[in-house]
Amino acid sequence: MKTIYLDCGMGAAGDMLTAALLELLPDKDAFIKEMNSLGIPDVCITKEASVKCGITGTHISVKIGGVEEFEDSHEHEHEHGHHHHHDEPHDDGHHHNHEHPHHHSGMHDIEHIIETLKISDKVKKDVLGVYQLIAEAESVAHGVPVIDIHFHEVGTMDAIADITAVCLLMEKLAPQQVVVSPVHVGSGQVTCAHGILPVPAPATAYILRDVPIYGGSVKGELCTPTGAALLKYFAKSFGDMPVMKIEAIGYGMGKKDFEAANCVRALLGETSDQQDRVVELHCNVDDMTAEEIGFAMSSLFEAGALDVFTVPIGMKKSRPGTLLCVLCREQARESIVNALFKYTTTIGIREIACNRYVLARTIDTITTPYGDVRRKNAEGYGVTRSKYEYDDLAKIASEKGLSIEEVRELLKKIT
């Protein structure tokens, strides 16, 4: 299985993740050229070699109107929420309050900019998904609705460039899974226009809920909201590096120097089989109708469940009941718990942490005389399996007046 492992032992920022993933590409210059042709307003991206603790990597510079606005990857940076404008610390140790016109962009403006970019629909969806995580975090931090969150104009262009670059790189690299190390967030405090905030900053801390994080002796903000949101969005799991055969290694460098190499390391390679951790949540109900249980199951899938199933059980006083079981990733635990309480009548939920062994899954689309048919493929542990998507089979069967089995036989003859 094609895997990217991100080592965030010195945190993560958007430009550092961009640089680390860029180093995994064979033609780095072509990617920079492509980024500068996407149409992000006033943005120019460049790359340069950078050395930290004897390790050579890449540093990404994003200039807006010819000016590199945020000169330090590890200071509270791009996502300035509603009335949230920071004094930017520079490498000289002093804080400089940049005087910029106070133009702001809301999520609607962000969406409009993204829709105009020359990128695929998938990348647009990913960029907006990452931005939604940031907006929700800023909403909680500032106590205002998401629709009222505004981003400072200059910082917005910088963040759009970083987020778009990472999403585009993920599309080009096409990993089947992304695994991320526990995230070093730094320690101490960061100074902003509102005063002094703890590290991790409130928005970053909110985004990294259910993610393994740690502090340490490094003073300052090591993980930015952009970096946190990108990790949360793309990571399939967080933890130790899996057993993998490494094919390429990339180092994305920050600007500042620390005792440890200030970088994100990306490792691209193959893992033969797949294992991850999931949470199994259980509850018993004996006072819900079949229709209500069906609606609850659909709602749980919408909340992020990997699987939902029921088991008939006998309960107290000889009542027949239903055991409702939900599988989800650890980072989706909170939303699933909330959904269980909202859509079922349970007053208690049990949790079991499980190791899961799964086959690597891919989906391809086959063009046939009857229309496109999706085929789901799975492999691993010495096993290979394929099956056609039921909805596509049912559509053809309905249109042609055939049975599902007859459609399968027709497809076998032409594929």
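This is a predicted model: local features need pLDDT of at least 70, side-chain atom pairs count only at pLDDT 80 or more; totals for chains, interfaces and linings use all residues.
1. Six bridges join strand 23 (residues 371-380) to strand 24, and the two strands run antiparallel; strands here are DSSP runs of E with at least two residues, helices are runs of H or I with at least four residues, and both are numbered from the N terminus. Two strands are taken to pair if DSSP finds at least two bridges between them. Within this pairing, Gly 380 has Val 383 of strand 24 as its bridge partner.

2. Residues are numbered from 1 along each chain as its sequence is written, and side-chain values use heavy atoms, with hydrogens and water left out.

3. The strands of the first point belong to an open sheet of three strands in the order 22-23-24, with antiparallel pairing. Strand 22 (360-368) and strand 24 (383-388) stand at the edges with a single partner strand each, so one side of each has no neighbour in the sheet. Neighbouring strands of this sheet are turned by 20° against each other on average, direction ignored. Helix 10 (residues 390-400) lies across strand 23 and strand 24 and runs at about 150° to strand 23; axes are lines fitted to C-alpha atoms, for helices over the stretch in contact (heavy atoms within 4.5 Å), and angles run from 0 to 180 degrees between N-to-C directions.

4. Another antiparallel pair is formed by strand 2 (residues 43-52) and strand 3 (residues 55-64), which are joined by 10 bridges. Thr 46 stands opposite Ser 61 in strand 3, and in the hairpin of these two strands, which has two residues between the strands, Cys 53 takes a positive phi near 55°.

5. The structure holds 17 salt bridges, each defined as a side-chain nitrogen of Lys or Arg within 4 Å of a carboxyl oxygen of Asp or Glu. One of them is between the side chains of Asp 7 and Arg 265, at 3.5 Å from N to O. Asp 7 lies in strand 1 (residues 2-7) and Arg 265 in strand 17 (residues 263-270), so the pair ties together parts that are 258 residues apart in sequence. Asp 7 is partly exposed at 24% relative accessibility, and Arg 265 is partly exposed at 30%; buried means under 20% relative accessible area, exposed over 50%, and partly exposed in between (1.4 Å probe, protein chains only).

6. Lys 172 also forms a salt bridge, with Glu 34, where the closest N and O atoms are 3.0 Å apart. This pair links distant parts of the chain, with Lys 172 in helix 5 (residues 153-173) and Glu 34 in helix 2 (residues 28-36), 138 residues apart.

7. In the salt bridge between Glu 115 and Lys 124 (3.9 Å, N to O), Glu 115 counts as partly exposed at 47% relative accessibility, whereas Lys 124 is buried at 11%. Asp 210, Arg 333 and Glu 351 are linked in a network of salt bridges.

8. On the surface, Met 241, Ile 246 and Ile 249 form a nonpolar patch with about 250 Å² of accessible area together. Patches are made of residues with over 30% relative accessible area and no salt bridge, like charges being joined within 9 Å and nonpolar side chains (Val, Leu, Ile, Met, Phe, Trp, Tyr) within 5 Å; the areas come from the Shrake-Rupley method with a 1.4 Å probe, and for residues only the protein chains shown count as cover. Met 241 lies in the loop between strand 15 (237-238) and strand 16 (245-253), and counts as partly exposed at 43% relative accessibility.
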